[in-house]
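Subject: Structure for your review

Dear colleague,

Please find below the sequence and structure that I am handing over to you. My notes on what was found follow directly after.

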Amino acid sequence: MVFDGILLAILVGYLRKGSIKGFAYLSFRAGWIFPLLLVIEVLIFSFQSTYAWIGKLSAPLFMLIYIVGLTFLWLNRKMNIGIMVLFIGVLLNFIVMALNGGRMPVSLESANILDPAYAEAIKNGLYGKHAVLTDRTALWFLGDVIPITDPYPKDQVISIGDVIMNIGIFIFIQRVMVKTKHPDTLIQTPAPQKGT
């Protein structure tokens with residue numbers, strides 16, 4: 001859902017007469033962290049079913065990704081209020097995963113809106129980042145328990161953390177696209193001359 005939120009935020013930014021030029025003027029602290037984490041996560045998803053050792057390490061690896069990601073967000077929290085909101089959403093997801101073996105608990109009841117193969121994959125442990133929500137799940141209400149279906153174009157099951165993350169992303173992108181003052185658009189007003 002994060003990618004959906006990004007696209008929606010950019011669309012709204014344009015409707016508010018914003019510009020993506022604002023992204024060119026962003027300067028993150030430790031900016032190399034985010035793309036590195038993205039590459040690592042994609043690699044884990046791609047090979048966890050192929051190589052057993054990656055599957056076994058996927059839970060601690062995801063936890064490490066969350067810790068580093070949270071550190072990155074915290075370092076940049078003063079840049080934009082949206083980042084702090086995003087940090088809270090990521091932190092909630094991290095907490096529920098950390099308390100449940102490094103996996104995001106998923107409600108099978110809520111997942112009924114999805115392809116049945118998805119629920120079976122979770123039961124069989126094929127989705128390394130997710131696990132079935134049970135009576136013994138800690139802080140179950142922070143897991144993927146919110147079903148999203150029609151009129152939303154893509155059926156999904158998300159968490160409270162996901163909702164807060166998307167709010168943070170929306171705020172961040174709006175501020176970058178609409179609020180950022182771009183050097184090439186600033187009007188230079190001549191300083192008043194003495195005696196005029």
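Predicted model: local features only at pLDDT ≥ 70, side-chain atom pairs only at ≥ 80, totals over all residues.

Residues are numbered from 1 along each chain as its sequence is written, and side-chain values use heavy atoms, with hydrogens and water left out.

The chain contains six helices and four strands (DSSP runs numbered from the N terminus, with at least four residues of H or I for a helix and at least two of E for a strand). Their order along the sequence is α-α-α-α-β-α-β-β-β-α. Of the 196 residues, 39% count as buried (buried is under 20% relative accessible area, exposed is over 50%, and partly exposed is in between, with a 1.4 Å probe and protein chains only).

H2 and H3 pack with their axes 10 Å apart, at an angle of about 165 degrees (axes are lines fitted to C-alpha atoms over the stretch in contact, and angles run from 0 to 180 degrees between N-to-C directions). This makes H2 roughly antiparallel to H3, a term used for angles over 145 degrees.

A nonpolar patch on the surface is formed by Val-39, Leu-43, Phe-47, Tyr-51, Trp-53, Leu-57, Leu-61 and Leu-64, which together have about 760 Å² of accessible area (patch residues have over 30% relative accessible area and no salt bridge, and nonpolar side chains are joined within 5 Å; areas come from the Shrake-Rupley method with a 1.4 Å probe). Helix H2 (33–47) and helix H3 (52–75) each give two or more residues to the patch, and H3 gives the most, with four. Tyr-51 lies in the loop between H2 and H3 and is partly exposed, at a relative accessible area of 42%.

The structure holds two salt bridges (a side-chain nitrogen of Lys or Arg within 4 Å of a carboxyl oxygen of Asp or Glu). In one, Lys-129 and Glu-41 meet at 3.2 Å, N to O. Lys-129 is in the loop between helix H5 (116–123) and strand S2 (130–132) and Glu-41 is in helix H2, so the pair ties together parts 88 residues apart in sequence. Both Lys-129 and Glu-41 are buried. Asp-4 forms a salt bridge with Lys-154, with the closest N and O atoms 3.7 Å apart.

Finally, Asn-80 lies in the loop between H3 and helix H4 (81–98) and counts as buried, at 8% relative accessibility.

Kind regards

Terms used:
Patch = residues over 30% accessible without salt bridge, like charges linked within 9 Å, V, L, I, M, F, W, Y side chains within 5 Å. Parallel < 35°, antiparallel > 145°, perpendicular 65-115°, else oblique.
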